[in-house]
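Hi everyone, thanks for making time.

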Amino acid sequence: MNSHTDIVAFVKHGAETRGIRLSEVAFPDEIVLAPGASERLPAYLKEKGHRRALLVGDPLTMAAANGDELADALRELGIAAEATLVKPNAAGDVVADEATIVQTLLDIQQHGADVAIAVGAGTLHDITRYAAYTAGLPFVSVPTAPSVDGFTSKGAPLLIRGDKITVPAIGPAAIFADTDILVQAPGAMVAAGFGDMLGKYTSLFDWKVGHALGGEDYDPYVAELTAMALNECVASVEAIGARTPAGIETLTRALIVSGLAMLIFGQSHSASGAEHHLSHYWEMELLRTGRRQVLHGAKVGAACAVIVEHYRRWLGQAAAADASGPAAALAAQLGDRLPEVAGWLGELPDAPRIRELLRTAGGPALPEALGIEGELVARSLREADEIRPGRKTLLRMINGRR
Ligand SMILES: [Zn+2]
């Protein structure tokens with residue numbers, strides 16, 4: 001997929017050649033991934049008949065995206081533009097909680113906005129997506145960092161009374177991913193985006209296992225799109241780590257494609273398996289104990305290596321002739337498909353290689369480097385599958401749960 005390909009057209013064409021109909025999928029009207037893409041925003045809003053726009057960001061993301069210039073460009077086209085600067089919580093993090101959602105909703109009401117524009121990374125998208133949805137408005141995405149694959153998501157993970165829940169909201173009406181802005185993103189956020197993509201190794205594996213042994217629905221095209229996006233990122237890891245324009249574009253496109261794949265399937269199986277359940281478990285523990293948040297993708301990348309190691313050990317024990325106890329129980333659950341499942345895992349890079357990739361992308365590779373202690377890792381391996389009891393993963397089978 002080359003740099004000038006329209007991403008939605010690419011995804012639709014791939015489906016067409018396989019005889020798959022995507023007419024029911026609500027794709028964004030427009031996805032622009034290019035240098036200067038944000039300059040296309042004012043004309044798009046004008047074409048759609050919007051008259052009052054609210055830009056939602058924080059001081060850093062607004063500066064990164066030249067929010068003042070963007071607002072001026074909107075006003076020049078006769079669109080009244082205001083900005084919400086979302087406030088951080090007591091720990092200093094901008095989070096999608098009651099306070100930031102109400103702050104954004106109040107500004108939407110006071111300004112009489114007819115469209116909300118997320119200017120920022122994942123969390124600002126979640127705040128804007130949910131506030132816009134609640135106010136009955138469309139929202140438009142101007143990402144400032146290639147840090148997650150959730151830009152196109154319809155669901156919003158929110159923190160309500162300290163608990164993380166994902167609620168239905170809306171996907172973006174359009175995405176203007178400006179690589180001139182994205183190349184300026186901090187290295188840690190770029191590495192986190194790469195970590196979120198690396199996590200597809202284990203999410204795609206868990207999906208295959210869940211389909212083969214747990215009756216989960218499966219869509220080969222969605223799996224293929226996700227794997228393609230993952231492989232392109234891995235092939236470009238040096239350029240991503242060096243944050244070259246080409247590397248940043250490859251990573252951003254991969255994150256968008258992974259998001260569109262979820263949109264097509266209507267569920268998150270392709271992009272979220274046991275590595276995401278571990279990451280969520282760690283996140284909740286950090287929240288409970290009042291510690292600073294760690295970037296989603298940084299946790300997912302580190303968790304991916306932990307899961308690969310854990311799965312290798314358990315499948316090895318289950319395959320042993322003298323398997324006993326929980327390993328024998330796992331072997332019994334997998335039955336005659338054990339060699340096949342072990343073969344799928346064998347196709348994945350091993351844990352040291354995954355950690356090497358994370359480091360090359362400029363990020364931390366071990367949970368300890370993220371402040372996630374060994375006891376928490378061990379506990380999450382025993383309990384994290386309970387975060388998503390309906391989702392069949394190998395972790396769930398290892399833990400002896402149906
Ligand atoms: Zn993720």
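This is a predicted model: local features need pLDDT of at least 70, side-chain atom pairs count only at pLDDT 80 or more; totals for chains, interfaces and linings use all residues.

Residues are numbered from 1 along each chain as its sequence is written, and side-chain values use heavy atoms, with hydrogens and water left out.

Okay, salt bridges. By that I mean a side-chain nitrogen of Lys or Arg within 4 Å of a carboxyl oxygen of Asp or Glu. How many salt bridges does the structure hold? There are 24.

Take D29 and K48, whose side chains meet at 3.3 Å, N to O. D29 sits in the loop between helix 1 (7-17) and strand 1 (30-34), and K48 in the loop between helix 2 (41-47) and strand 2 (52-57), so this pair ties together parts that are 19 residues apart in sequence. When I say helices (H or I, at least four residues) and strands (E, at least two), those are DSSP runs, numbered from the N terminus.

Now go to helix 6, residues 122-135, where D126 and R129 are 3 residues apart, about one helical turn. Their closest N and O atoms are 3.7 Å apart, and that's a salt bridge too. Buried or partly exposed, which is D126? At 13% relative accessibility, D126 counts as buried, and R129 is buried as well, at 0%.

Helix 18, residues 374-383, has a pair 4 residues apart, E375 and R379, again separated by about one helical turn. A quick reminder on spacing: an α-helix has 3.6 residues a turn, so residues three or four places apart point the same way. The side chains of E375 and R379 come to 2.9 Å, N to O. Here E375 is partly exposed at 46%, while R379 is buried at 17%. And there's a network: salt bridges with shared partners join E285, R288, E375 and R379.

Next, the metal. Which residues coordinate the zinc ion? D196 through OD, H276 through NE2 and H296 through NE2, at 2.1 to 2.2 Å. Donors here are N, O and S atoms within 2.8 Å of the metal (3.2 Å for Na, K and Ca), and since water is not among the atoms, sites may look incomplete. Along the sequence, the spacing reads D-x79-H-x19-H. D196 is in helix 8 (residues 187-198) and H296 in helix 14 (residues 296-319), so the pair ties together parts that are 100 residues apart in sequence. D196 is buried at 0% relative accessibility, whereas H296 is partly exposed at 23%.

On to helix 10, residues 220-235. Its 16 residues reach 22 Å from first C-alpha to last, close to the 22 Å expected at 1.5 Å a residue; that expected span is 1.5 Å times one less than the number of residues. Its buried residues include Y221, L225, L230 and C233. They pack against several helices, among them helix 1, helix 8 and helix 12 (245-265).

How many disulfides does a search of the whole structure find? It finds 0. The closest cysteine sulfur to that of C233 is in C304, 13 Å away, too far for a bond. C233 is buried at 0% relative accessible area, and C304 is buried at 0% too.

Last stop, two residues and their contacts, where contact means heavy atoms within 4.5 Å. T104, in helix 5 (residues 98-111), is buried at 0% relative accessibility. Leaving aside neighbours within four places in sequence, T104 touches L54, V56, T84, V86, I127 and A131. A212, in helix 9, is partly exposed at 22%. With the sequence neighbours within four places left out again, A212 contacts R337 and W344. A212 and R337 are 125 residues apart in sequence, yet 8.5 Å apart in space, C-alpha to C-alpha.

Definitions and conventions: Buried means under 20% relative accessible area, exposed over 50%, partly exposed in between (1.4 Å probe, protein chains only). A disulfide is a pair of cysteine sulfur atoms within 2.5 Å.
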